[in-house]
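Have it in view as you read.

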Amino acid sequence: MIFSRERQKDAGIIFFLIGLVVVIFYPVFYSEYAYTDEIVQLWYYPKEKNFQMFLPQGRYITEKLFQWLFGSVTRISEISYIRLFSFGSGIISIPIWYYIIKQIVIKEKLPEVLAFWGTLYLVCTPQFSIYVSWASCLELFLANTTGLLSGYFLYSFTSQDEKPAIQIKGIILSVVFGIISLFTYQNGFGCFLIPFLLHFIAKPQNLKKIFIAIGIYLFIYGVYYLLFKYNLKLNHIEASSRTNLHINIVSKLKFMYSRPLSSAFHFTYLFNEKSIMGYVVYAIFLIAWGITALYRLRFMSLSKRFRYFGIVLVFFLLMYIPSLVIKENYSSNRTLLALKMAVFFLMAEMMISYIKKEKTRWMIVAVLSGLFVINAWFNFNKQFLHPIKYEYAKLRSFIETNYRPGINTFYFIRPEEDFFVKDLHITRSWDEFGVPSSFFDWVPEFLVKQIIYEKTGDRGLADKLVIKHWLGKESYLKSGENLSNDILLIDAEKIIAAEK
């Protein structure tokens, strides 16, 4: 009977969290818009048979998913069907994450409220919003969840003894799910380490299981790298320059602790990556955690306490290692889920450990969860969806209304990157929140062609259109280009801001 009640409680929590996802993100069911890469993928998949965006980046599974999903739609309005794939993937991931976290916190004798709170936090992260609302990130739920499963299988099939022993099936399952994660999105594999971080939080002096996990984690990367190279050879293609290894320890450490880790300590709140206030908030939380941890671990020698901090920092580095071994320094929100969850569990467990009464714990968790939920709703609906839908609707209406037979050239003046920030007073965060889709230089050509194709039904005509674009009106005026009857000028900022 006790077990039955426990299962009912778990089912209630899972249905509550799924309901929360529906309440926050239900506009994806009907919203029409195309955001940045979506328009390129819609135009090319599978119309251009040799178009491969992800295979050269080592994401074979993602390539197949995009060929299938984008290859099955032809209109911008139909991209919403693809977003439902992401939405469904998010729904499926909720019970998996909840079950895994709960099993670990029970095994490690951590506060059970972490299972509910951690999964709710997952739902409220900016990452979850991006994965649901941007079809170009449709693979991220699969990558992160299989990464978590990879680590959990190794964790669950490794004994808790002083001399941990791993069952062979644990290694096999871990490798299989790890390879799936890496061939989907490399940063998603960082979630592998979450079970072992929870183990370390509970038993900071039991390091053997941690070292085993790190060894297997790096081994799976090695296996993936060999398979990646073999896959490139098999398909007779060259690797993308984005996958080239680039080891610069000083530069990467500076990048890691100034950008990705800073974002992770912002929790669900969005700051611009260059925000001074963002760095202040980061510093406050990091210092507060460090001082509290030093005091809490006072039963350990000073050297062991500093060893504890060192191991936590190693966890952070390893979780983000795919972005640390390449030249590009771009810590977009979509890459950060593993790091985000790691910081949350460190801070949440630390806070909860000082609250002894269960009722008080749940009250505080409920209040903070409410703030997370409100912020998640705002991030999705106000920071992303509203401006992007409005931009798309205004541009589409202008193009459809003003296009006529005989127009074969479009001059497109792209909006500035911070146009929404100035016009709507929202936050821009990387290329994912608060930035106009038409700001990006690859968008105008395919957006115009797709709209004309949908209006005329003639893809050949649309494909022959000439689209020239400039960033800002000043650049356009400096170009010296002249208008004629066969040219349509699209001034994006003027069009988007009109009648507001």
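Helix α16 gives the second largest pocket the largest share of its lining, five residues. (Helices here are DSSP runs of H or I with at least four residues, numbered from the N terminus.) This is a predicted model, so to speak: local features need pLDDT of at least 70, side-chain atom pairs count only at pLDDT 80 or more, and totals for chains, interfaces and linings use all residues. Residues are numbered from 1 along each chain as its sequence is written, and side-chain values use heavy atoms, with hydrogens and water left out.

Back to that pocket. A pocket is an open set of points on a 1 Å grid over the protein atoms alone, with protein on both sides within 12 Å along at least five of seven lines, and its lining residues have an atom within 4 Å of a point. This one holds about 280 Å³, where volume is the space filled by probe spheres set on the points, joined across faces, edges and corners. Of its 14 lining residues, F267, F285, M347, A348 and M351 lie nearest the centre. The lining divides into 13 nonpolar, one polar and no charged; Ala, Val, Leu, Ile, Met, Phe, Trp, Tyr, Cys and Pro count as nonpolar, Asp, Glu, Lys and Arg as charged, and the others, Gly among them, as polar.

Now look at α16 itself. Since 16 of its 17 residues are buried, α16 is largely enclosed by the rest of the structure. Buried means under 20% relative accessible area, with a 1.4 Å probe and protein chains only.

Which helix has eight of its nine residues buried? That's α9 (residues 194–202), which is therefore largely enclosed too. Its cover includes α4 (79–107), α7 (140–156), α10 (208–235), α14 (302–319) and α16 (337–353).

Helix α7 is also where you'll find T145. T145 is buried, with a relative accessible area of 7%, and its side chain reaches the backbone oxygen of F141 at 2.8 Å. Leaving aside residues up to four places away in sequence, T145 touches S93, I96 and W97, a touch being heavy atoms within 4.5 Å.

Finally, find the largest pocket, at about 1000 Å³. It is lined by 40 residues, with Q57, R59, Q186, R242 and I326 nearest its centre. Helix α10 supplies the largest share of that lining, five residues. By class, the lining has 22 nonpolar, 11 polar and seven charged residues.

Key
Buried means under 20% relative accessible area, exposed over 50%, partly exposed in between (1.4 Å probe, protein chains only). Helices (H or I, at least four residues) and strands (E, at least two) are DSSP runs, numbered from the N terminus. A polar contact is a pair of N or O atoms within 3.5 Å; within protein, one must be able to donate a hydrogen and the other to accept it, and residues adjacent in sequence count only if both atoms are side-chain atoms. On a 1 Å grid over the protein atoms alone, a cavity is a set of points where a 1.4 Å probe fits but cannot get out, and a pocket is an open set with protein on both sides within 12 Å along at least five of seven lines; lining residues have an atom within 4 Å of a point.
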